[in-house]
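Have the structure open and follow along.

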Amino acid sequence: MDGRIEHGFRARLRALAVVAGESDPDGWAARRVREALARAKSGGSSPALALLEAWKESLLSARSASTANERASGAAPPWVRFDEAHPPRFLCDPSLGGLARWLRAAGYEAVLAPEVAGHRLPDEALRRGLVLLTTEAEVLDRRIVGEGSLVAVWVPSAIGMAEQLRMAALDLGLALREPRCMACGGTLVPTPKEAVRPRIPPRTALWKDEYFVCEGCGGLFWRGTHWARIEATLRRAVAA
Ligand SMILES: [Zn+2]
C-alpha cells in the first residue's frame with residue numbers, strides 16, 4: 001500500500017468530517033481509513049479502491065448532512081462553490097494530461113502548466129482562480145487548501161482515468177456540459193457542412209450533416225462512433 005494514497009484519502013475524509021460536523025475529524029477519518037483497509041484485506045480487493053469506496057460513501061452522507069443542516073462551520077464544501085453559470089476551471093498537474101482531455105470532453109476548461117514547477121502549482125492555481133487537480137496528496141496539507149482559499153481535488157494515480165474523473169465529478173458536483181475540444185479546450189462552434197466540406201473524409205460526409213470547428217485550434221469535429229464511445233464513458237463517470 002502506497003502510504004501517500006492512504007494519506008490523501010485520510011485528508012479528504014477529514015475534510016468531509018468537518019463539513020458533516022463531526023466533533024473529532026482526525027479520529028473519525030483515521031477510523032474510516034482503518035475500516036476500509038481491513039475490508040480490503042478480508043475481501044481481497046485493492047486498498048486504493050476500498051478507500052475510494054469509503055470516501056464516496058462519506059461524501060454522499062456529508063453532502064446530505066450539510067444541505068440538511070446548512071452548517072456554517074469550517075470551510076465551504078467544494079460542491080457549493082460552483083453553479084451552472086460559473087463552472088470550475090481546472091489546472092491539472094503534469095501527470096493528469098489524460099484526465100484534462102476528458103474534463104474538456106465533459107465541457108470544462110482544463111489546462112496544464114508545464115512551465116511551472118510542481119511545488120508552485122497550488123500558488124499558480126490560486127493566482128489564476130483555477131481548481132487544482134493533483135495526484136500529490138501533500139497538497140491537501142497546504143494552508144491555502146485547509147483554509148479554503150484554494151479548491152484542490154486530489155485523485156490517486158493508482159486508480160483508472162474513469163475513476164479519477166468520477167472522483168472529481170463527485171467532489172465538485174459536476175454535471176455534463178457542452179463538450180469542448182479535447183485537444184486544446186476551445187469552444188466547438190457549429191459550422192455549416194458546405195463551409196468545411198473539403199476537410200470532411202468522403203465516407204463521413206455521406207452520413208453526417210452536423211460539424212463543429214474548434215475556436216482554439218481550428219480542429220474539425222463531428223459526433224461519430226468515436227464520440228459515442230467517449231460520451232458513454234462520460235455518462236458513466238460524470239452523470240451517473
Ligand atoms: Zn481545439
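## Around helix α4

The buried residues of α4 pack against quite a list of partners: strands β1, β2 and β3 (131-134), plus helices α7 and α10 (225-239). Keep in mind that this is a predicted model. On α4 itself, the buried set is made up of Leu-99, Ala-100, Trp-102, Leu-103, Arg-104 and Ala-105. Just past the end of α4, Gly-107 has a positive phi, at about 100°.

## The whole chain

Stepping back, the protein has 10 helices and 7 strands. Along the principal axes, its C-alpha atoms fill a box of roughly 65 × 40 × 40 Å. The chain has 240 residues, and 45% of them count as buried.

## The zinc site

Four cysteines hold the zinc ion: the SG atoms of Cys-181, Cys-184, Cys-214 and Cys-217 are its protein donors, lying 2.3 Å from the metal. The site is tetrahedral, with angles of 94 to 119° among the 4 donor atoms. For reference, the ideal angle for four tetrahedral donors is 109.5 degrees. Along the chain, the donors are spaced as C-x2-C-x29-C-x2-C.

What does that do for the fold around the site? Cys-181 sits in the loop between α7 (161-172) and β5 (188-191), while Cys-217 sits in the loop between β6 (211-214) and β7 (220-221), so this pair ties together parts that are 36 residues apart in sequence. Are these two cysteines buried or exposed? Cys-181 counts as buried, at 0% relative accessibility, whereas Cys-217 is partly exposed at 45%.

## Aromatic pairs

There are 3 aromatic pairs in the structure. One of them is Phe-9 with Trp-154, an edge-to-face arrangement with 5.0 Å centre to centre and 85° between the planes. This pair links distant parts of the chain: Phe-9 belongs to helix α1 (residues 3-19) and Trp-154 to strand β4 (residues 152-154), which puts them 145 residues apart. Both ends are tucked away, with Phe-9 buried at 0% relative accessibility and Trp-154 buried at 2%.

Phe-90 and Tyr-108 form another pair: their ring centres are 6.2 Å apart and their planes lie at 75°, so this one is edge-to-face too. Phe-90 is in strand β1 (residues 90-92), and Tyr-108 is in the loop between α4 (97-105) and β2 (110-112), 18 residues apart. Phe-90 and Tyr-108 are both buried.

Now for a lysine and an arginine, each in a helix. Lys-56 is found in helix α3 (residues 47-69) and is buried, with a relative accessible area of 14%. What does its side chain pair up with? There is a polar contact of 3.4 Å between the side chains of Lys-56 and Glu-163. Leaving aside neighbours within four places in sequence, Lys-56 is in contact with Glu-163, Arg-166 and Leu-170.

Arg-32, in helix α2 (residues 25-43), is also on the buried list, at 16% relative accessibility. Its side chain makes a polar contact of 3.4 Å with the side chain of Ser-58. With neighbours within four places in sequence left out, the contacts of Arg-32 are Leu-13, Ala-54, Glu-57 and Ser-58.

## Out on the surface

Helix α2 also carries Ser-42, and this residue is exposed, with a relative accessible area of 69%. What lies 3.3 Å from a polar atom of the Ser-42 side chain? That would be the backbone oxygen of Arg-39.

Definitions and conventions:
Residues are numbered from 1 along each chain as its sequence is written. This is a predicted model: local features need pLDDT of at least 70, side-chain atom pairs count only at pLDDT 80 or more; totals for chains, interfaces and linings use all residues. Side-chain values use heavy atoms; hydrogens and water are left out. Donors are N, O and S atoms within 2.8 Å of the metal (3.2 Å for Na, K and Ca); water is not among the atoms, so sites may look incomplete. Four donors count as tetrahedral if all angles lie between 85 and 135 degrees; four count as square planar and six as octahedral if opposite donors are over 155 degrees apart and all others between 65 and 115; anything else is irregular. Helices (H or I, at least four residues) and strands (E, at least two) are DSSP runs, numbered from the N terminus. Buried means under 20% relative accessible area, exposed over 50%, partly exposed in between (1.4 Å probe, protein chains only). A polar contact is a pair of N or O atoms within 3.5 Å; within protein, one must be able to donate a hydrogen and the other to accept it, and residues adjacent in sequence count only if both atoms are side-chain atoms. Contact means heavy atoms within 4.5 Å. Rings of Phe, Tyr and Trp (its six-membered ring) pair if their centres lie within 6.5 Å; planes under 30 degrees apart count as stacked, over 60 as edge-to-face and the rest as tilted.
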